[in-house]
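Hi,

Here's the structure I said I'd pass on. Have a look, and my notes follow below.

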Amino acid sequence: MTEPVLVPAVGRELFATRPEPGVDPVGYHVRPERLVRRALRHAGWLSPDQSLRARLEIEDDGPRASAAIALWLAPGPYLPPAQLRSLLDRLPRLRWVYSQITGVEHLDLAEFQRRGILVSNNGTLSSRRVAEMALACILAHAKRLPRHFDMQRARRWRSLGSQDLNRQTVGIVGTGAIGTELASMCRALGMHVIGASRQPDRFGSDPSPFHRVLDLRGELKTLLGESDHVVLALPLNDATRGAIDAAALAQMRPSAALINVSRGPLVDEDALCDALARGSVAAAYIDRPSTLPPPRWSRLYRTPNLVLTHYSAAASPHATAEAFGQFVAGLRTLLTTGVPADLVTH
C-alpha cells in the first residue's frame, strides 16, 4: 500500500532522486502573504480558507493530497494558526506533522492534540550550526571585527587591541542541545563557561562542559554580571518571553556583548537599543528579531554596535537534505511503531 505525504516542493525533488517504498510524495509551495491580504485577513474580510488558497499551491490538490498521512513543514513562509487549521481541515487522514525548525511557538500544539495529530520538531538537527553562529559572534566581538569593517569602509588604518578568549567568560542562558554544543566549543578555546538552567540540579557534581551551572530563575543576575559574552539559547514560551529586559541589561558589563540565537521576543528590543545607544552594553548580535523581517524604520537597523545575522544561524546548503533524511526516518517509524522521534505533542 502506498501512503501519500505532503512535502515542500524541494522535498518532492529529493523524493524524485531517492524514492521511498510505500511513500507517495505530493509537493506544495507556500507564497509569502501580501500586506494587503494580511490586512484584509486581520480585518475579517478574508476567511482563513480564502487567504490560504491565495498562498498555498499543491501540485495535485485532489484525492492524493487529501489522503496525506504526514505533512512536512519547511522553514518559512509560515502559515499563521488560522490558515494552518484550514489546511488541517483538508487533511482528514493526517497523523503526523514534521516541522523542520526547532521552535514550536508558531504552531498551535493544542489544536494538533485536539485532532490527535503527532508533531515532531527537528530535534538537534541544527544545534551545532546555531552554536557555530554564536561562536562566530563571540569571536567577532572579542576581536573587534565590526570595528575593522567600519575602518575599512572609512579607509582608515589603525591597529586595534583585542581580547584573549582564554581570559574571558561566556554565559550561556539555556543548557539544551545548542547551549551544550556552544559550551564545548568555548571550553575547547580555553574560555570560562557558565550556564543558566531551569533545572541546574540535573547536572549533579559534574556540570561539564560548563564550569558551573546556575539557576535560571534566581541566579540570572549573577551570570549577567560575570560574563563578557551573554548567549541566549532558550526556547520561547510564557516563562522566557522578555527575560532580558531593561533591568537585566543593567546587570551586564559595559564591555559585554549580548548574542541572541534564539527568538527575538526573549529580549526587550527597545531596551536593548537604548542600552547600546548609552554604551551600557557594548554590542549585540541578533539572529531572529521579534518581527521578521523588521520594518525598514526599525531601530535595529540604525542602533550602533548592533549586528543582525538575518535568521541565518541554521541555514546551510546541507539543511534540506538532512531534513529529508529526518522526515523519511520519521515516516518509517510512524508506519512501523506509530511513534516518530522528537515529538513535541503526545
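How many nonpolar, polar and charged residues are in the lining of the second largest pocket? By class there are 15 nonpolar, 4 polar and 7 charged (Ala, Val, Leu, Ile, Met, Phe, Trp, Tyr, Cys and Pro count as nonpolar, Asp, Glu, Lys and Arg as charged, the others, Gly among them, as polar).

Before you dig in: this is a predicted model, with local features needing pLDDT of at least 70 and side-chain atom pairs pLDDT 80 or more, while totals for chains, interfaces and linings use all residues. Residues are numbered from 1 along each chain as its sequence is written, and side-chain values use heavy atoms, leaving out hydrogens and water.

A pocket here is an open set of points on a 1 Å grid over the protein atoms alone, where a 1.4 Å probe fits, with protein on both sides within 12 Å along at least five of seven lines; lining residues have an atom within 4 Å of a point. The second largest pocket holds about 860 Å³ of space. Of its 26 lining residues, Arg38, Tyr78, Arg288, Thr291 and Leu292 are the closest to its centre.

Leu292 turns up again in the backbone: a cis peptide bond joins it to proline 293, with omega about -10 degrees. Serine 208 and proline 209 are also joined by a cis bond, omega about 10 degrees. Most peptide bonds are trans.

Last one: tyrosine 311 has a positive phi of about 50 degrees although it is not a glycine.

Cheers

How values were computed:
Points joined across faces, edges and corners; volume = space filled by probe spheres on them.
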